[in-house]
Amino acid sequence: MRCITIPAIESSAWSTVAVDGHDFQRLAVPTRWLGENDDLAAALLEYTEGRQPGDTVVVSEKVAVLLLDRWVPVASVRARWDARLIARFVRPGPGARGLSHPEKMQYVINAAGRPRIYAAAAAAALTRPFGIRGAFYRVAPTLARDIDGGRRPYEDKLFPPFTTDEATKICADLEVKLDTGVAIIDINDAYGSIRGVSRRALPARLLSGVLVDNPLGQRQTGTPFGIIRPVRRPAPVEGQSGTTKPVPSSAE
């Protein structure tokens, strides 16, 4: 039987942020390296033992795609000439490959259709000489920005994003097993998206504000899970003016 050491959670590991007049504690949860043979619910139960009623457990979309076996083998996608050509002109950000990976470009072409991707490529070609960047992604579907994978250590895998309905259903199933709210998120240092939330989780709009600075960090941090906890502010001392707003529940 394999022995697994769970890192201790120090109180200093929590950070606090104020959103819409309410305070929230955030904990990035470190784990061992999770692989496709792991079970998502079991991993969440293992690493979020400190969760409490009212918490929202957040899950990195890439890890959810991996552990739920929703990934696509790179070998199953054959990059054609046009995908290879367009991919050559992609300028990904630091530490990323983006759609410069021909198979990822081909996957997006297959999903969105050639006319839209050709239009996106044309928009990029026409605006780049004027110093305008990002035109490709403004014309292409969000899949072009959100698909992941194709780089170490997942050079053999593509990670298509969940639809909102898919992510919401997964979160609902996990909420039953964890007995707390669950959200699937795709957050990095450049942008963020809340893919889906369960009934008892914080609302997506509120979570976007709580997670705007990417407290889970990038892949090198090894923190694919997180816990978001509303902080109840103390009641006003008698004789002081002002009122304390209640912390919103997950139903709000």
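Start by selecting V59: leaving out residues up to four places away in sequence, V59 touches L40, L44, A64, V182, A183, I184, I185, P224 and F225, where contact means heavy atoms within 4.5 Å. Before you go on, note that this is a predicted model, in which local features need pLDDT of at least 70, side-chain atom pairs count only at pLDDT 80 or more, and totals for chains, interfaces and linings use all residues. Residues are numbered from 1 along each chain as its sequence is written, and side-chain values use heavy atoms, with hydrogens and water left out.

Helices (H or I, at least four residues) and strands (E, at least two) are DSSP runs, numbered from the N terminus.

**The sheet**

Switch to cartoon and follow the open sheet of 6 strands, in the order β1-β2-β9-β3-β7-β8, with mixed pairing; two strands pair if DSSP finds at least two bridges between them. β1 (15-19) and β8 (192-197) are at the edges with a single partner strand each, so one side of each lacks a neighbour in the sheet. On average, neighbouring strands here are turned by 30° against each other, direction ignored. Next, pick β7 (residues 181-187), which pairs with β8 in the antiparallel sense over 5 bridges. I185 is found opposite I194 in β8.

**Helices on the sheet**

Select α1 (residues 40-47), which lies across β2 (22-29), β3 (56-60) and β9 (225-231) and runs at about 55° to β9. Axes are lines fitted to C-alpha atoms, for helices over the stretch in contact, and angles run from 0 to 180 degrees between N-to-C directions. Then move to α8 (residues 164-178), lying across β3, β7 and β8 at about 140° to β7.

**Around α4**

Finally, select α4 (residues 102-112), whose buried residues are P102, E103, K104, M105, Q106, V108 and I109. Their cover includes α3 (81-88), α5 (114-127), α6 (135-139), α7 (142-146), β5 (148-149) and β6 (157-159). Just after α4, G113 takes a positive phi of about 95°.

Methods: Buried means under 20% relative accessible area, exposed over 50%, partly exposed in between (1.4 Å probe, protein chains only).
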